[in-house]
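Here are a few exercises to work through with the model open in your viewer. Try each task before you read its solution.

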Amino acid sequence: MDTFIRFTNQTQGRDRLFRATQYTCMLLRYLLEPKAGKEKVVLKLKKLETSVSTGRKWFRLGNVVHAVQATQESVHATDLVPRVCLTLANVNRVLYFICDTVLWVRSVGLASGINKEKWRMWAARHYYYCLLLSLARDLYELSLQMEQAARDRARAEQSLSQEPLGYSVADEETEWLQSFLLLLFRSLKKQPPLLLDTVKNFCDLLNPLDQLGIHKFNPGIIGLGGLVSSIAGIVVVAYPQMKLRVR
């Protein structure tokens, strides 16, 4: 209960709950639309989705400041690759939230001369770049973890037997994928924050891919991806130790 209270007292926590509700409505609406007699339920889900989406914009108004602070922190990362990836990703996050704020200003009627479609595309583009850079950082961290897992495995095999295991070329060709997947599983198992961050960024990527026309997805896929991403975000906010740290 204490964890839930702390979670809902945070702006990010409330935003994650609203986001999960929004994408749940999108997913349910997609599943129910083909069924006869569900028109009223679909309409209510659509209205709830729109209301929640509008409410989330209020929670995001201060995110520009958080993104600027995150940029300042990432500049001081010790490892070059995460420093470059995270800094550029956070710069794009700042630009995304600026575009999002401009769209909010237009939606509430404070400025009617704003080209909504143009700013929406700019926001989607900067969000897309942010996610690509974040995923590049995740893949780099994952490669380091897999290298460490491979070294640990090699040492364990050497301690069991001084003689190398006899594998033929055919064995190596058929088993390399199994070895790769085993290393991947072990690496992610040791680093749950890395797993959560990778899953979250990958699922978030579906939306800008669709908005920019790079690859079109149906609302069900986008809703499912958004829901999975929101759950991962809820876990990170509720349990800060699950957040992937900057090294």
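**Exercise 1: a helix pair**

Helices α4 and α5 cross in a left-handed way (the near helix is turned anticlockwise from the far one by less than a right angle; clockwise would be right-handed). A word on ground rules: this is a predicted model, where local features need pLDDT of at least 70 and side-chain atom pairs count only at pLDDT 80 or more, while totals for chains, interfaces and linings use all residues. Residues are numbered from 1 along each chain as its sequence is written, and side-chain values use heavy atoms, with hydrogens and water left out.

Task: work out how α4 and α5 are oriented, parallel or antiparallel.

Solution.
- Step 1: the axes of α4 (residues 63-74) and α5 come within 8 Å and cross at roughly 165°. Axes here are lines fitted to C-alpha atoms, for helices over the stretch in contact, with angles running from 0 to 180 degrees between N-to-C directions.
- Step 2: α4 is therefore roughly antiparallel to α5 (the label for angles over 145 degrees; under 35 is roughly parallel, 65 to 115 roughly perpendicular, the rest oblique).
- Step 3: look at who touches whom, with contact meaning heavy atoms within 4.5 Å. On α4, the contact residues include V64, A67 and T71, and on α5 they include L86, N90 and F97.

**Exercise 2: the span of α5**

Task: check the span of α5 against its number of residues.

Solution.
- Step 1: α5 covers residues 80-107, which is 28 residues. The expected span is 1.5 Å times one less than the number of residues.
- Step 2: that gives 40 Å, and the end C-alpha atoms are 40 Å apart, so the two agree.
- Step 3: see what comes next: G109 follows α5, with a positive phi near 85°.

**Exercise 3: another pair**

Task: find how α2 and α10 cross.

Solution.
- Step 1: the axes of α2 (residues 11-32) and α10 (residues 219-238) come within 8 Å, at a crossing angle of roughly 155°.
- Step 2: that makes α2 roughly antiparallel to α10.
- Step 3: the handedness of this crossing is left-handed.

**Exercise 4: placing S53**

Task: is S53 buried or exposed, or in between?

Solution.
- Step 1: find S53 in helix α3, residues 39-59.
- Step 2: its relative accessible area is 26%, so S53 is partly exposed (buried is under 20%, exposed over 50%, partly exposed in between, using a 1.4 Å probe and protein chains only).
- Step 3: check D15, which is 38 residues from S53 in sequence but 9.8 Å away in space, C-alpha to C-alpha.

Conventions. Helices (H or I, at least four residues) and strands (E, at least two) are DSSP runs, numbered from the N terminus.
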